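Please keep the sequence and the structure in view while reading.

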Amino acid sequence: LKQQYCSLANNHTLDYSIEGMYETMKTLTQSGIHFAGVGESLEAAMKPAIFEFGRGHFRKKIACFRYVS
């Protein structure tokens, strides 16, 4: 199985500063891994990761939301 989703909204997201978060976002995007919970703005951080799986009539769309306070 290929990793398809990663939640980034947690208390360690900024352990390596904002630059580390951006690098993580870039690496995940380049690897084709969807993520939620962070972004370059609050609006972007609140958007769900949306991806599809399955084939034919069994194809499903999934939206993953992730928030932390």
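The points below treat a helix, a strand residue, a set of salt bridges and a surface patch in turn. The model is predicted.

**Helix α1**

- Helix α1 comprises residues 17-30, which is 14 residues in total.
- Four residues of α1 are buried, namely G20, M21, M25 and L28. They lie on the same side of α1, because they cover an arc of only 140° around the axis.
- An α-helix has 3.6 residues a turn, so residues three or four places apart point the same way.
- The cover over the buried residues of α1 includes the strands β1 (5-7) and β2 (34-36).
- The opposite face, turned away from the buried side, carries the exposed residues E19, E23, K26 and Q30.
- Just after α1, G32 adopts a positive phi of about 75°.

**Residue F51 in strand β3**

- Strand β3 covers residues 49-53, and F51 is located in it.
- F51 has a relative accessibility of 12%, and it therefore counts as buried, the limit being under 20%.
- Although F51 and Y5 are 46 residues apart in sequence, their C-alpha atoms are 8.7 Å apart in space.
- When neighbours within four places in sequence are left aside, F51 is in contact with Q4, Y5, H34, K60, K61, I62 and C64.

**Salt bridges**

- Side chains of opposite charge can pair when their charged atoms come close.
- How many salt bridges does a search of the whole structure find? The search finds two.
- One of them joins the side chains of E52 and R59, with an N to O distance of 2.9 Å.
- E52 also forms a salt bridge with K61, where the closest N and O atoms are 3.9 Å apart. Through these shared partners, E52, R59 and K61 are joined into one network.
- E52 counts as partly exposed at 39% relative accessibility, and R59 likewise counts as partly exposed at 43%.
- K61 is exposed, with a relative accessible area of 59%.

**A nonpolar surface patch**

- Which residues make the nonpolar surface patch of about 460 Å²? The patch is made by L42, M46, F65 and Y67.
- L42 belongs to helix α2, which covers residues 42-45.
- The relative accessible area of L42 is 65%, so this residue is classed as exposed, the limit being over 50%.

Key
Residues numbered from 1 in each chain as written. Predicted model: local features only at pLDDT ≥ 70, side-chain atom pairs only at ≥ 80, totals over all residues. Heavy atoms only, no water. Patch = residues over 30% accessible without salt bridge, like charges linked within 9 Å, V, L, I, M, F, W, Y side chains within 5 Å. Areas by Shrake-Rupley, 256 points an atom, 1.4 Å probe, with all protein chains shown as cover. Salt bridge = Lys/Arg side-chain N within 4 Å of Asp/Glu carboxyl O. Helix = DSSP H or I, 4+ residues; strand = E, 2+ residues; numbered from the N terminus. Buried < 20%, exposed > 50% of the residue type's maximum accessible area, 1.4 Å probe, protein only. Expected span 1.5 Å × (residues − 1). Arc of directions from axis to C-beta. Contact = heavy atoms within 4.5 Å.
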